[in-house]
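This note concerns the aromatic rings of the structure shown below. Please read each point with the model open.

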Amino acid sequence: MTAPWEEQEDQNLVHTLKKAKRKSLFRSIVISLIVSILTLTAIFFGAAQLVERRSTEARYSEWMYMMISSPNEFPSGFRDNRGFLSGVMEVNTYKIIEGVPVPWNEKWFNYNEWWFPFATGAYGGTTHLSGTDPQMKVERYEYNRQYNPYNGQRELAYYIPQVKYGKILNDLPLLTKKEPDELMEMALSFDKPYSFDEVKKMLPEGTRPVWYWVDTYDETSWFNLEPHEDGNGGMIDPEPMASSSGVYGFGIGPNRDEASPDDFLEHIKNGLKLKDNYHSEYKRIQQYLKKDKNEPEAGDVRILGVVVTGSAAGLKNLKGQPYIRGAVLGAVADNY
């Protein structure tokens, strides 16, 4: 028979064990919570650092690509909407017409870690609107004029010299309908490739070259640049190149008043170092320019056309120039 004092000791032992167990459980819960909080903090801090890095890389990548692919167009600001290991970068752009800024475009794109399969937000942006030009309709053009989706202004277009087009736009006669001091840009497509020095010499007074269109068209670039069947037995003539469809070049900018072919070569060289989404295009362009040489040279940069700005009165000096194959009016700004 158990003595009373022994029963009391057993009860005390049980109580002590239960108390110790509760303390141990409480301690385990607290430790688990602290570890979980620290782990989650580390994860989110690390994710934020990764997204910050990808955001910086994406912004620089887009800026570098715009340097060669956006005629007379410049970024006015970036807005970054970030999620977990991904984000959406919004870019606003503008043009400069003889010192006058013209708001131009808005586009956005996703970025994320290469191993993270999910992306937030949307990708893309409207690049242009297609509208019927009355004169083009009368003359039975097979394509429409393109307009900017944000301000309704005309988009530039370019005609490759060696491509056979059904009809080629010439907006020079429109200058007579403009006020003499009205400011505008115009894309000139040449009859053949020229050197940079030749282009500088042959442009008349009153025209300010702001962007030079470079020949980068190898055999892989000729898709839909030849007449092709429409599926109903008819033939479709190729359309001119739009600014958003693989037109590359170099020009001046808000903080630079001079341009040279070396600028273009430097942009391609720097772009190749990024290993980004445009790497294959940088590589293709460099390969096309250098041919069988180790590196392309300034003389390998041939000019197919140029974007010029000026007043309507000044741009009228372009009329009758034999080297102009096509002339397409773009943004127009008031002189204030």
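This is a predicted model: local features need pLDDT of at least 70, side-chain atom pairs count only at pLDDT 80 or more; totals for chains, interfaces and linings use all residues.

**Aromatic rings and their partners**

1. Ring pairs join Tyr-65, Tyr-248, Tyr-278 and Tyr-282 into a cluster.

2. In total, the structure holds 16 aromatic pairs. In one of them, the ring centres of Phe-196 and Phe-250 are 5.9 Å apart and the planes meet at 45 degrees, so this pair is tilted.

3. Where in the sequence do Phe-196 and Phe-250 lie? Phe-196 belongs to helix H3 (residues 196-202) and Phe-250 to strand S12 (residues 249-251), so the pair ties together parts that are 54 residues apart in sequence. Both Phe-196 and Phe-250 are buried.

4. A further pair is formed by Trp-213 and Tyr-217, with ring centres 6.2 Å apart. The planes of Trp-213 and Tyr-217 stand at 80 degrees, so the pair is edge-to-face. Trp-213 has a relative accessibility of 0% and therefore counts as buried. Tyr-217 is also buried, as its relative accessible area is 5%. The cut-off for a buried residue is under 20% relative accessible area.

5. The charged end of Lys-291 sits over the ring of Tyr-288, at 4.0 Å from the ring's centre. Lys-167 lies over the face of Tyr-141, and here the distance to the ring centre is 6.0 Å.

Definitions and conventions:
Residues are numbered from 1 along each chain as its sequence is written. Side-chain values use heavy atoms; hydrogens and water are left out. Rings of Phe, Tyr and Trp (its six-membered ring) pair if their centres lie within 6.5 Å; planes under 30 degrees apart count as stacked, over 60 as edge-to-face and the rest as tilted. Helices (H or I, at least four residues) and strands (E, at least two) are DSSP runs, numbered from the N terminus. Buried means under 20% relative accessible area, exposed over 50%, partly exposed in between (1.4 Å probe, protein chains only). A charge sits over a ring if NZ of Lys or CZ of Arg is within 6 Å of the ring centre and within 35 degrees of the ring normal.
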